[in-house]
Amino acid sequence: MKATHTVKIFGKLYKKGEELPDFGSLKAVTINGNIYEIEGLSADESKLPTTVGQGSQVFFLDTKKVKKFNESDKTWYSVN
């Protein structure tokens, strides 16, 4: 899908006409600057964004697994 207008998704700006990535079930439920709290299904774990800020976290509803993002190495780490 292409952006129909300029939009910011998970910390990255997409301009009109640019291709938007598929994040599947992942949705931002809270945004504070570039820190995101994300919820979704574990099947979409490979679609986690790496354009978010340090301290962002995801909660997988189906497995109750939580991951936190480390900005310095652009990696999501399990915390439980």
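This report looks at the salt bridges and the nonpolar core of a predicted model.

## Ground rules

The model is predicted, so local features need pLDDT of at least 70 and side-chain atom pairs count only at pLDDT 80 or more, while totals for chains, interfaces and linings use all residues. Residues are numbered from 1 along each chain as its sequence is written, and side-chain values use heavy atoms, with hydrogens and water left out.

Let's start with the salt bridges (a side-chain nitrogen of Lys or Arg within 4 Å of a carboxyl oxygen of Asp or Glu). The count comes to four.

Glu-45 pairs up with Lys-65, at 3.5 Å from N to O. Glu-45 sits in the loop between β4 (35–40) and β5 (57–60), and Lys-65 in the loop between β5 and β6 (66–70), so this pair ties together parts that are 20 residues apart in sequence. (Strands here are DSSP runs of E, at least two residues, numbered from the N terminus.) Glu-45 also makes a salt bridge with Lys-67, this time at 2.5 Å from N to O. Lys-67 belongs to strand β6 and Glu-45 to the loop between β4 and β5, so here the parts tied together are 22 residues apart in sequence.

How hidden are these side chains? Buried means under 20% relative accessible area, exposed over 50%, and partly exposed in between (1.4 Å probe, protein chains only). Glu-45 is partly exposed at 24%, and Lys-65 is partly exposed at 26%. Lys-67, at 10%, is buried.

Asp-44 counts as buried, with 11% relative accessibility, whereas Lys-47 is partly exposed at 27%.

## The nonpolar core

Which residues make up the largest nonpolar core? There are 11: Phe-10, Phe-23, Leu-26, Tyr-36, Ile-38, Leu-48, Val-52, Val-58, Phe-60, Phe-69 and Trp-76. A nonpolar core is a set of buried Ala, Val, Leu, Ile, Met, Phe, Trp, Tyr and Cys residues joined through side-chain atoms within 4.5 Å.

Now zoom in on Leu-26. Leaving aside neighbours within four places in sequence, Leu-26 is in contact (heavy atoms within 4.5 Å) with several residues, including Phe-10, Ile-38, Leu-48, Val-58 and Phe-60. Asp-44 and Lys-47 are among the contacts of Leu-26 as well.

Note on methods. Helices (H or I, at least four residues) and strands (E, at least two) are DSSP runs, numbered from the N terminus.
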